[in-house]
Amino acid sequence: MISKRNKFLLLFVFLPIALYISVYTWNWHTGTIDRFASYTGLEFVGWVLEPGIWVQNKTKSMWNNYIDLVDIGKENRRLREKLKQTKLQVFKLKQKNAEYNRLQELLKFSPPKDWKYQGARILAHELGPNAVLKTLLVSKGKTDGISKNTPVVTPEGVVGKVLRTSAHYSTVLLLTDPNSRIPVKGKKSRTNGIIQGQGPYSDLKLSYVPKNAQLFEEEILVTSGLGRIFPKGIPVARVQDIEKSDLSLFKQVGAKPVSKLKKLEEVLLIEMNSQIPKKLQDKFTRK
Amino acid sequence: MKTIIWWTIYTILGIWLQRFIPGLDCFAPALAGCLYLGLFKTTFWLTLIWIIIQEGVGGLAFGFTLLFYGGIVLFFLGSKLIFTQNTALFFIGASFYSAGLYFVTIQIMTSLQELNVPIYLIVQNSMLTLIFFPILWTIMILSYSQWMIDSNV
């Protein structure tokens with residue numbers, strides 16, 4: 001006979017723990033719950049944030065217009081209003097010009113051969129208690145052709161890669177996150193290494209650079225294409241300091257990202273054009 | 001219907017607050033508040049919905065929110081039997097428990113998933129929980145009592 005105390009322990013302690021471990025392990029192998037959570041939770045949050053951001057921008061501009069028109073004296077009303085309107089117009093034109101320049105910069109970006117790209121708006125940074133990784137929430141998802149590991153860049157250089165996707169939104173892992181690793185090579189020296197994030201307040205770390213390998217300070221590090229995630233030749237970081245240690249076989253190299261990660265408003269997501277593999281597949285299936 | 005609308009608005013506002021304060025959890029204090037007010041059925045549904053939301057936007061594999069919210073629910077259910085819940089000491093103790101639970105749970109999950117997360121980031125988020133847990137808890141209880149309980153009387 002099971003005592004009352006043991007029954008309680010079995011029902012409220014051991015059974016939930018066993019159930020939790022089983023579900024956790026099953027999901028670790030299949031990713032089913034992760035996919036379900038992305039398709040529902042991430043999607044819901046995207047739907048909540050996107051209209052709000054639109055309303056926020058509209059309200060801001062309406063409020064600015066209202067403030068601009070309040071407290072105008074009767075005597076100089078027409079003149080002042082004209083002046084204000086002109087100022088507002090100049091401000092709007094400046095804003096538009098800045099946006100135009102930014103978008104033009106995005107358009108100037110020429111993706112490597114066989115890769116296509118699309119722009120996305122940033123909706124949020126680390127969201128919720130679960131977001132301990134340095135991430136961004138962007139407005140493009142699976143329906144736009146985005147999948148896990150899709151490279152994310154700006155005209156300046158690499159931002160990170162897609163971590164998870166829902167139908168219309170994606171989470172991007174920034175290159176400054178300690179779990180991010182990108183194979184790179186020096187633009188001038190052609191020395192290979194792996195760039196690793198060190199957290200938001202620290203420089204990036206370039207690992208596995210042999211002690212006798214050539215590398216220059218201020219040299220730009222570009223993607224080497226070895227990881228088969230990023231196309232070759234996209235700028236990632238600039239070498240800041242190089243130190244040689246007596247204890248290690250490798251150089252200690254610090255680098256700074258070339259993209260201004262704190263000031264990002266839009267990003268580009270690049271995906272490899274699947275036309276070539278498809279053609280090859282067709283060839284094989286015909287045979 | 002009124003309850004669904006109230007909680008939908010709370011969820012939307014919570015998501016927006018989480019957008020402005022990265023690392024903040026707006027839903028754990030509300031779960032504690034629900035249990036404090038004796039809304040057990042609501043707690044069950046809200047736990048399910050909020051777990052999906054937090055897991056969906058988070059960077060970790062599934063499991064953290066379930067463990068964290070499970071710990072919160074168990075603590076508040078258990079403490080109902082042992083302590084008097086409407087005292088300042090319990091209020092402070094529950095906030096410290098939530099912050100501690102967050103710290104331990106995130107440490108377990110990140111090491112299980114072999115993720116490298118700077119310790120200062122976890123401490124920072126735990127401090128956020130410690131500070132905001134009692135504030136959000138109070139706001140939730142007061143606003144819910146004001147609009148949902150008082151209006152029904």
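Biologist: How many residues from chain A and chain B does the contact take?

Modeller: Contact means heavy atoms within 4.5 Å. Here the contact takes 38 residues from chain A and 41 residues from chain B. Keep in mind that this is a predicted model, where local features need pLDDT of at least 70, side-chain atom pairs count only at pLDDT 80 or more, and totals for chains, interfaces and linings use all residues. Residues are numbered from 1 along each chain as its sequence is written, chains are lettered from A and ligands numbered from 1 in the order in which they are written, and side-chain values use heavy atoms, with hydrogens and water left out.

Biologist: What area is buried between chain A and chain B?

Modeller: The size of an interface is often given as the accessible area lost when the parts come together. Buried area is what two parts lose on being put together, summed over both, with a 1.4 Å probe. For chain A and chain B that comes to about 3,500 Å², with carbon and sulfur atoms giving 67%. On the chain A side, A:P129, A:N130 and A:V132 lose the most area to chain B, together 21% of what that side buries.

Biologist: How many salt bridges and how many residue pairs in polar contact are there between chain A and chain B?

Modeller: A salt bridge is a side-chain nitrogen of Lys or Arg within 4 Å of a carboxyl oxygen of Asp or Glu. The count between these two chains is 0. A polar contact is a pair of N or O atoms within 3.5 Å; within protein, one must be able to donate a hydrogen and the other to accept it, and residues adjacent in sequence count only if both atoms are side-chain atoms. The rule finds 12 residue pairs of that kind across the interface of chain A and chain B, both at pLDDT 80 or more. As for who takes part, α2(A) gives the most to the side of chain A that touches chain B, with 15 residues. Helices (H or I, at least four residues) and strands (E, at least two) are DSSP runs, numbered from the N terminus.

Biologist: And inside chain A, how is the chain divided?

Modeller: Domain bounds come from an automatic or database domain assignment. Chain A has domain 1 (32-108) and domain 2 (115-286). In contact are 15 residues of domain 1 and 19 residues of domain 2, and the area buried between the two domains is about 1,600 Å², 59% of it from carbon and sulfur atoms. There is 1 salt bridge between domain 1 and domain 2: the side chains of A:R164 and A:D34 meet at 3.6 Å, N to O. On the side of domain 1 that touches domain 2, α2(A) supplies the largest share, 11 residues.

Biologist: Where is A:P200, and what is A:P200 in contact with?

Modeller: A:P200 lies in the loop between β7 (192-196) and β8 (204-207) of chain A. Leaving aside neighbours within four places in sequence, A:P200 is in contact with A:K134, A:T176, A:K262 and B:Y120. A:K262 is 62 residues away in sequence, yet 9.5 Å away in space, C-alpha to C-alpha.

Biologist: Over in chain B, is helix α2 mostly covered or uncovered?

Modeller: Buried means under 20% relative accessible area (1.4 Å probe, protein chains only). Helix α2 of chain B (residues 27-36) is mostly covered, with 9 of its 10 residues buried. The cover includes α1 (2-20), α3 (40-57), α4 (64-82) and α6 (119-149) of chain B. Just after α2(B), B:G38 takes a positive phi of about 80 degrees.

Definitions and conventions. Buried means under 20% relative accessible area, exposed over 50%, partly exposed in between (1.4 Å probe, protein chains only).
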